[in-house]
Each structure stands twice: as C-alpha cells, then as structure tokens.
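Hi,

Here is the structure I promised to pass on.

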Amino acid sequence: MTFEEAQKELEGIVQRLETGEAPLDEALKLWERGEELYRFCKERLDAAEGTIEELASRAEAAKP
Amino acid sequence: MKVEAIEYGDRKVYSVGAFNRGVASWLSRLPTVWVEGEVTELRRSSRWASVFFTLKDPEDGACLSVSMPRGQFDALRLEVADGVRVHAYGRPELFEARGEFRLRALSLERFGLGDHLAALERLKSKLAAEGLFAAERKRPLPLLPRRIGLVTGNDAAAKRDVLTAVTTRFPPANVLVAETYVQGPRAAGAVVEALRALCREGVDVVVVARGGGSFEDLLPFSDERLVRAIADCPVPVVSAVGHEQDTPLCDLAADVRASTPSVAGRLVVPDLAQLLERLDRSRAGLERGTRRSLERERQRLDRAHERLGRAPRLHLERSRARLEQTAGRLRTLSPRSTLERGYAIVRAQDAIVRSGGAVAPGERVEVELADGGFGARVEDTR
C-alpha cells in the first residue's frame, strides 16, 4: 500500500463515519481500520530519515 | 577522356592509372550537392593547397573525407573546430594518385540556428505523431516518494536549488543524486545513462535539472535518445531544464514540467507540516465520527426501548376499545331494547308464553316490562 492509498482510504473512512449512518458493527470496524491506516501513514513519515547521497560515491563504495 | 585498355586475348585489362581516371571521370558527372555532418580530424597547413577534414554522421557514425581549396576555406572565416556541424557544398571526386574517394567542397556553412530549429521541429513532429508527448501518457507524481532521483550537472546552482526546495518542504526526504554532463556532445548519452542508473538503484520519481543556457547548450535535452529515455522511464520524471521560455523536447516527454529547479523540488515532495496536520485532522475525524455513530446507534436503541415500554398499555387500550364495541353490539341485540319499544314478556311457570294455548284462565302469569313488571291472572284465552 502506498502512502496516498492509505491516506485516501483513511479520509474515506472518516467521511463515512461522520455521516453517522454506519451501523454499530461497521462503525467499530471502520474505526479500527482507520486507526491502523493512521499508524501506517505516521510510520511512513517517521521512517524517512532524510539522506542525500551521490550515485557516484555509491558506485565507488560498491566496488571491491 | 578516353581510357585505354590493354588486350590480353579476349580479356580487357586497365592500368591502375587508367582505372582511376575512368572512375574519376564517371564521378565527375555526378551533381554538386549539400552534405551535412560533424567536422572531425580537421587538417590545415600553410604548405598545402587544400585543407582536409572528415565529415561524420552523428546518427550512425558514417564518415566522408572532404578536401577544400585552402584559399576558399580561409576566405569563409568560419570558426570550424572538431565537433561543429556543417553543411558542405561540393561534388564527389577521386584523388587519382591514391584512388581515394572524397568530397571536393566548394563551400562550407556552419549548421545554423535555423537548421537546428528545423531539425528540432521535424523531430518534435515525429515524436508527437508517435504519441510520446500525449497527455494520457503523463503519470501523476507520488505523494510521498521513498527516494528521489536527481540528474544534474556539477553546476552547483541547479542541484542546490532542487535540494534546498526538497529539504525545506520535507526535511526527511531521501535523495540520490547523479551528477553528469549536461552540456556538449556527451551530455545526451550521459543523461540517459544517469536516468537508467538511478532507476536501477530504485527511486520513485526522477528530477532532471539544468540551469539556463544558450540554445546550443540545451540541445542535448532535445536529443532523440534522451527524449525517448525520459518517456520510457519506469517512474515519473519532472523536467526542469533551462528557463521558462525554453522548451527542450525533454520537457514535453516528461510527466511534469517545472519552470525552475526549485519548482521541481517543491513538486516532488509533500509539505511535511501540512501532511501531519491533515493526518491529525483525519484522526480527530475518526474519533468524532465513531462517537457520532455510537451516539446515533444509542438513540436508535433508546427509541426502540421506549416503544417497547409503551406496547403493553397500548395493547390493553386496544382490547378495551374492542370490548366496548362488542358490548355495544351485544346490547343492540338484547331483548331489553325490544321491551323499550313497548313490548312485554309474559312468563307462566318460568316459561315464556308464546301462544294463547300455553295458559289457562285463572292462571297466574308474570309480565316483564322495560321498566319493572307485574303479576296478573288470565281472564280468558284465544
């Protein structure tokens, strides 16, 4: 799943929940799924460490 | 010129000189034409009557030796160096002493701006006809690329602009930079190679950035190989080459065209602050929405419960009403209403008297009226 897929699904769930029309079972399932998606997105952001590498030096390092 | 052959029996044999003269004379009948190519191996000496160079076809590498009278060459005052593209006007000839074929140039022109533009226009039409620039080919950029590839020259400005824009907007961005030639005859091939290398390393999007330059400087970015490589790149490409008004063909083949390297940098990453805010809003919405759903569900339950509580009383009331109705109908049918209309019931010995013969004179009978009754004796019967 890509970040934007997760974000889109999350926002869709919020929209569905905010109408308040979801029956109880569904609402709870949506909420669980939403939390899961939120954690996924958050982790993707936290996992990016911010590196700038030069391809040439990578190739250099790969040489025996 | 007559070419003499020596006869050995029935075999006609030419001397080398005669053969060369013959071919030379045949070649000299060919028309004078323009030939286009890149100058290489230019040799000029004040001791020679001619200057010599080789014309090379940039497409397939085919070569053609050219000679030109030195006086004419010098008079043109062309600054021709190796690698310069020219149009040579001349006719084919054979250097008879050595049997070498070459083009005898009478005039030489640098391949001008107009020619470049015309060639560019032809290539543009060809690639457009193939659908290489079609809008439906354009891919959306990933919102959050795991790694960004950057193809740039070692010219610091474009590279710095992209990196600054990227890291300002999204500090945790990962960028893999491929420095390469972005000018001169090796640039197109080098950029193609850099693109491929980045894709092999694994990137989600590629930025090709080069600062402004002269029309000729930017020509490699309209090279057919480079344009095709951009169109065929497995991940989306953002092109930021030259200034706003330049439109090298790579801009048309790229998925997104950025007016400057900074703009390209901002396009390939999301705004981290905005992203976090949006994510937090979603989460708040998630809680609010769930609560709202629960609340609604509870209200629905309450309503059902309330109706459930009302149900027995409702049932009782309905039964009562039905009973009243039945009682009303019962009353209509009872003899009492008949008595009220003035009829009387006569009983003798507790049995209702229905005929005169049922009683005897002097017998006591009971008479019941709507209101009370009385006892009586029978006078006579009929």
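Strands E3 (residues 33–43) and E6 (residues 85–95) of chain B run antiparallel and are joined by 6 bridges. Strands here are DSSP runs of E, at least two residues long, and helices are runs of H or I of at least four, both numbered from the N terminus; two strands pair if DSSP finds at least two bridges between them. Across this pair, B:Glu36 stands opposite B:His87 in E6(B). Both strands belong to a closed barrel of 5 strands in chain B, E3-E4-E5-E7-E6, with mixed pairing.

A word on the source: this is a predicted model, where local features need pLDDT of at least 70 and side-chain atom pairs pLDDT 80 or more, while totals for chains, interfaces and linings use all residues. Residues are numbered from 1 along each chain as its sequence is written, and chains are lettered from A and ligands numbered from 1 in the order in which they are written.

Now to the cores, meaning sets of buried Ala, Val, Leu, Ile, Met, Phe, Trp, Tyr and Cys residues joined through C-beta atoms within 7 Å (buried: 20 or more other C-beta atoms within 10 Å of the residue's own, with C-beta atoms placed from the backbone). The largest has 53 residues, and B:Val191, B:Val206 and B:Val207 touch the most other members. Helix H5 (residues 187–201) of chain B gives the largest share, 8 residues. A second, separate core of 13 residues includes A:Ile13 and A:Tyr38.

Enjoy exploring!

Technical notes. A residue is buried if 20 or more other C-beta atoms lie within 10 Å of its own, exposed if 12 or fewer, and partly exposed in between; C-beta atoms are placed from the backbone.
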